[in-house]
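Q: I have a chain open here and have not looked at it before. Can you walk me through it?

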Amino acid sequence: MTAKISYDDVEVGTELPAQTFDVTRATLVRYAGASGDFNPIHWNEKFAKEVGLPDVIAHGMFTMAEAIRVVTDWTGDPGAVLEYGVRFTKPVVVPNDDEGATIEVSAKVGAKLDDHTVRVDLTAMSGGQKVLGMSRAVVRLA
C-alpha cells in the first residue's frame, strides 16, 4: 500500500476529516479480550471508584488507537505512519448506559518535513475535555 495523499497537495494547516468514535462498556470488554488488559478500572465500576476514578475508563491504548484512525483513514495506508506519540491527559469516562462515551478527533498538518513526510497534530476530546496531549504523528505521503 502507498499513501493516497500527495505531499505536494498538502500545506501546513491542511485539516484532515474529523471523526467521532463511540465507546461503550461492551467496546471495552472486547478491547480487553483482544489486548489482554483486564485491569478492573476498565470494566468494574465499583473498583474504579474505589481507586479514585469517576467511573470505568477506556484503555489509554484504545483511545490512542482510535485517534490515529483519523490519520490512517486520510492516508489510506496504515503503514504510512512512521511515528506516533501522545500524552494521556484525561481519562475517557465510560458510563454504564446505552450511550457510553464519544471520542471526537480532529487533526491538521502541523509541519512539512523532509522526504515526503509531514507532522500531523491531533486533538482528541471526550466529555468536553482534551484526553490526549501532544498527540502527533509523522506520516510519509506519496
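Q: How many helices and strands are in the chain?
A: The chain has three helices and five strands. Keep in mind that this is a predicted model.

Q: What pattern do they follow along the sequence?
A: The pattern reads β-α-α-α-β-β-β-β.

Q: What does the C-alpha trace span along its principal axes?
A: The span is about 50 × 30 × 25 Å.

Q: And how much of the chain counts as buried?
A: Of its 142 residues, 40% count as buried. The accessible surface is about 7600 Å², and carbon and sulfur atoms account for 51% of that.

Q: Which share of the contacts joins residues at least 24 apart?
A: If you take contacts between residues at least 6 apart in sequence, 67% of them join residues at least 24 apart.

Q: Switching to charge. How many positive and negative side chains are there?
A: There are 14 positive and 20 negative side chains. The centres of those two sets lie 5 Å apart.

Q: Is His59 buried or exposed?
A: His59 is buried, because its relative accessible area is 1% and the cut-off for buried is under 20%.

Q: What is His59 in contact with, leaving aside neighbours within four places in sequence?
A: His59 is in contact with Leu28, Tyr31, Ala32, Asp37 and His42.

Q: What about the loop between strand 3 and strand 4, where does phi stand for Asp115?
A: Asp115, which sits in that loop, has a positive phi of about 55° although it is not a glycine. His116 lies in that loop too, and its phi is near 60°, again a positive value in a residue other than glycine.

Q: Which of the labels, buried, partly exposed or exposed, goes with Asp115, and which with His116?
A: Asp115 is exposed, with a relative accessible area of 54%. His116 counts as partly exposed, at 36% relative accessibility.

Key: Residues numbered from 1 in each chain as written. Predicted model: local features only at pLDDT ≥ 70, side-chain atom pairs only at ≥ 80, totals over all residues. Heavy atoms only, no water. Helix = DSSP H or I, 4+ residues; strand = E, 2+ residues; numbered from the N terminus. Buried < 20%, exposed > 50% of the residue type's maximum accessible area, 1.4 Å probe, protein only. Contact = heavy atoms within 4.5 Å. Areas by Shrake-Rupley, 256 points an atom, 1.4 Å probe, with all protein chains shown as cover. Lys, Arg positive; Asp, Glu negative; His and termini not counted. Charge placed at Lys NZ, Arg CZ, Asp CG, Glu CD.
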